[in-house]
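Biologist: I have a structure with a ligand in it. Please show me how to read the surroundings of that ligand.

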Amino acid sequence: MKKRKTNTKFVCQSCGFVVQKWFGKCPECESWNSFVEEVEESSRKLVSVSNTKPILLNEADNVTNKRVTTNFKELDRVLGGGFVPGSVVLLGGDPGIGKSTLALQILGGISSKVLYISGEESVSQINLRSKRVKIKNENLYLLSETNLENIIDKTKELSPSIVIIDSIQTVFSTEFSSSPGSVSQIRECGARLVNHSKNFDTTFLIIGHVTKEGSIAGPKVLEHLVDTVLYFEGGKGHSYRILRAWKNRFGATNEIGVFEMLHNGLSEVANPSEAFISERPENVPGSIISPSIEGTRPILIEIQSLVTASSLGMPRRTTMGLDSNRVAILIAVLEKIAGIKISDQDIFMNIAGGVSIEEPAIDLGICLSLFSSFTGKPVDPELVVFGEIGLSGEIRAVSQADIRIKEASKLGFKKFLMPKNNLDKSIYELDEKISITGIKNINEAIEYVA
Ligand code: TYD
Ligand code: MG
């Protein structure tokens with residue numbers, strides 16, 4: 001018998017970059033000590049049993065399956081209206097954030113046959129958890145398994161509508177000698193599961209432990225393979241958990257769903273705007289409300305700053321939930337254009353509730369929050385601000401200004417400071433009892449709150 005030729009390669013466990021000899025630092029993603037030697041068999045065959053045939057677009061309506069909705073409206077919205085049959089969803093997040101709990105609760109609310117495969121917990125442990133979160137589902141099957149070939153066989157046998165794999169890091173194929181959790185195993189097992197899903201119209205929800213810093217980033221190599229990538233965010237100290245769609249072939253990206261971790265599992269937060277600003281202290285400098293559009297939905301957030309004189313040669317800059325580069329730019333704009341000397345101050349910024357926002361529409365909120373903390377003067381508690389800020393201090397128009405105003409006025413905010421270029425017909429037609437001020441540059445904004 002011909003002996004199969006094997007190659008060894010070094011694969012970066014952070015980004016999947018492959019090199020022929022060991023490196024201390026990955027040339028691609030610059031992480032240290034991330035290369036692991038993996039054996040890859042060169043003469044492997046990809047066996048694919050496909051039962052698909054070409055279909056006319058006009059007839060495709062007949063095969064466009066209905067989405068499977070869950071008990072969670074928040075999740076359905078993030079998915080774009082529920083699970084699409086035959087799709088593969090990757091659910092990533094820090095260990096302990098609540099992925100297994102969410103997965104189990106999802107299955108608990110689905111009436112068709114579903115299967116939960118865990119490589120991390122035994123059937124009795126899953127049972128205990130399901131008692132804790134009060135799940136009763138007669139069509140929910142549990143399986144404790146890590147072998148990919150067995151997983152695929154059992155899935156074929158049972159033919160459930162949704163299968164959860166918890167987690168991809170524990171799954172391994174016997175065709176590869178590298179250890180479970182390595183980039184090669186994750187990539188191959190992921191590809192085989194995707195293949196199976198498309199051929200048998202089974203939905204897979206694949207769980208992967210991924211940290212924001214990317215320290216266990218193996219499952220990231222699956223991002224391009226799967227249809228939808230969801231990340232579960234939120235600090236462990238916070239009870240809010242944010243489910244965010246990073247990629248979605250069947251819905252809006254950046255859509256978020258907000259959950260709260262309680263003693264009996266995750267519960268939906270129906271009105272996130274209210275939740276995020278509920279603990280806003282009254283008349284405190286540095287606190288300001290700004291509406292951000294996440295996916296298709298407006299969300300009000302509270303931006304907080306603390307600006308204090310620094311005793312260090314290089315003042316501290318700490319931001320949570322905000323892009324620190326963006327904050328650095330805005331600090332420079334404040335200093336150079338508005339003449340506010342804050343570069344020698346320690347600056348700490350945070351978004352209340354543990355949510356993180358990247359939308360530039362909150363730029364104006366960031367600047368005014370900094371200004372308010374620096375001067376020690378609280379802003380009007382009824383004021384809401386939004387607008388993108390350019391490098392010359394100009395306030396740029398943002399999208400969907402009317403939706404932002406409506407969301408804030410629903411919660412009782414009456415005054416709005418926003419880009420002048422957003423003042424069009426749709427804004428003037430808002431028949432709320434509100435006062436709107438349009439501004440063109442950062443100096444006008446400072447004048448307004450000063
Ligand atoms: P888990 O779903 O096991 O996290 P992951 O699968 O992402 O690693 O969640 C574990 C955490 O959630 C753990 O710290 C305990 C907490 N938890 C609750 O607070 N309430 C609950 O009802 C459950 C099931 C877990
Ligand atoms: Mg888990």
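Biologist: Which helices and strands each supply at least two residues of the shell around ligand 1?

Modeller: A residue is near a molecule if one of its heavy atoms lies within 4 Å of it. Helices (H or I, at least four residues) and strands (E, at least two) are DSSP runs, numbered from the N terminus. Here helix H2 (99-108), helix H3 (123-132) and strand S11 (256-262) each give at least two shell residues. H2 has the largest share, 3 residues. This is a predicted model: local features need pLDDT of at least 70, side-chain atom pairs count only at pLDDT 80 or more, and totals for chains, interfaces and linings use all residues. Residues are numbered from 1 along each chain as written, chains are lettered from A and ligands numbered from 1 in the order written, and side-chain values use heavy atoms, leaving out hydrogens and water.

Biologist: Which side chain has an N or O atom 3.2 Å from a nitrogen atom of ligand 1?

Modeller: For a polar contact, look for a pair of N or O atoms within 3.5 Å. That side chain belongs to arginine 132. The side chain of serine 100 puts an N or O atom 2.6 Å from a ligand 1 oxygen. Threonine 101 also has a side-chain N or O atom 2.6 Å from an oxygen of ligand 1.

Biologist: At roughly what angle do the axes of H2 and H3 cross?

Modeller: Axes are lines fitted to C-alpha atoms, for helices over the stretch in contact (heavy atoms within 4.5 Å). Angles run from 0 to 180 degrees between N-to-C directions. The H2 and H3 axes come within 10 Å and cross at roughly 75°. So H2 is roughly perpendicular (65 to 115 degrees) to H3. Ser100, Thr101 and Leu104 in H2 meet Ile126, Arg129 and Ser130 in H3.

Definitions and conventions. Polar contact = N/O pair within 3.5 Å; in protein donor to acceptor, adjacent residues only side chain to side chain. Parallel < 35°, antiparallel > 145°, perpendicular 65-115°, else oblique.
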